[in-house]
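Open the model in your viewer and get ready to select residues.

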Amino acid sequence: QLFCEGHHLRFQNYLRLQDHTSQSSNMVSEVQAFMKDIVAVDMDNTLCDVALQGFNTLTEFCQGPCQLNQAALLQCNVCHEVNIVFHMQKNNADDVGQLDFDLQSAAVVMLLSLLEGSTDNSGTDVMVKTLDFEAMHGTLNAMWKSVRDGVTEGGLVPLSDSQEETLDLTF
């Protein structure tokens with residue numbers, strides 16, 4: 001992730017394709033494949049932390065924007081993993097924990113990074129066709145309820161960075 005910090009386009013592209021070597025490794029699709037394996041299992045807190053880091057890494061691969069990495073992730077159907085994360089929501093939205101919110105928030109930020117700098121509709125078309133907007137809506141409602149309840153029950157209290165990010169996503 002730190003290799004892409006600052007949106008260094010040459011290095012973002014290098015992570016996907018090393019054209020000066022005889023055998024190239026596409027780290028973008030490898031991290032996405034790793035994420036596919038991680039979200040497919042019943043996640044405990046440790047795996048949630050790993051998945052959170054994975055979404056943050058995928059975000060860094062795309063921001064800047066790096067359109068070739070965006071296209072690679074959309075081609076790998078990364079939206080499927082996002083859908084799984086949004087379906088992780090507990091049966092009772094009140095039970096959704098902060099780690100779940102953090103993971104879902106990271107998934108949303110990663111989706112936004114896929115749209116950054118987009119000049120055509122190909123990426124948005126893929127996302128519209130594959131994302132489960134009902135599950136996203138349920139998650140955002142749960143986030144809003146959490147923020148609303150925190151304000152009405154505790155008054156205006158300082159929010160942690162994580163709570164601030166959650167609040168930003170609900171609007």
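Does phenylalanine 11 count as buried, partly exposed or exposed, and what is its relative accessibility? Select phenylalanine 11: its relative accessibility is 24%, so it counts as partly exposed. Buried would need under 20%, and exposed over 50%. Keep in mind that this is a predicted model.

Now show helix α1, residues 9–16. Phenylalanine 11 and tyrosine 14 are three residues apart in this helix, so about one helical turn separates them.

Look at the two rings. How many aromatic pairs does the structure hold? It holds one. The ring centres of phenylalanine 11 and tyrosine 14 lie 5.8 Å apart. Their planes meet at 35 degrees, so the pair is tilted. Planes under 30 degrees apart would count as stacked, and over 60 as edge-to-face.

Move on to two other helices. Select α4, residues 67–75, and α6, residues 98–115. Their axes come within 8 Å and cross at roughly 120 degrees. That angle makes α4 oblique to α6. The crossing is left-handed.

Which residues make the contact between α4 and α6? On α4, pick Gln70, Leu73 and Leu74. On α6, pick Ser113, Leu114 and Leu115. Now colour the contact by class. Four of its residues are nonpolar and two are polar. None is charged.

Notes:
Residues are numbered from 1 along each chain as its sequence is written. This is a predicted model: local features need pLDDT of at least 70, side-chain atom pairs count only at pLDDT 80 or more; totals for chains, interfaces and linings use all residues. Side-chain values use heavy atoms; hydrogens and water are left out. Axes are lines fitted to C-alpha atoms, for helices over the stretch in contact, and angles run from 0 to 180 degrees between N-to-C directions. Helices (H or I, at least four residues) and strands (E, at least two) are DSSP runs, numbered from the N terminus. Angles under 35 degrees count as roughly parallel, over 145 as roughly antiparallel, 65 to 115 as roughly perpendicular and the rest as oblique. A crossing is left-handed if the near helix is turned anticlockwise from the far one by less than a right angle, and right-handed if clockwise. Contact means heavy atoms within 4.5 Å. Ala, Val, Leu, Ile, Met, Phe, Trp, Tyr, Cys and Pro count as nonpolar, Asp, Glu, Lys and Arg as charged, and the others, Gly among them, as polar. Rings of Phe, Tyr and Trp (its six-membered ring) pair if their centres lie within 6.5 Å; planes under 30 degrees apart count as stacked, over 60 as edge-to-face and the rest as tilted. Buried means under 20% relative accessible area, exposed over 50%, partly exposed in between (1.4 Å probe, protein chains only).
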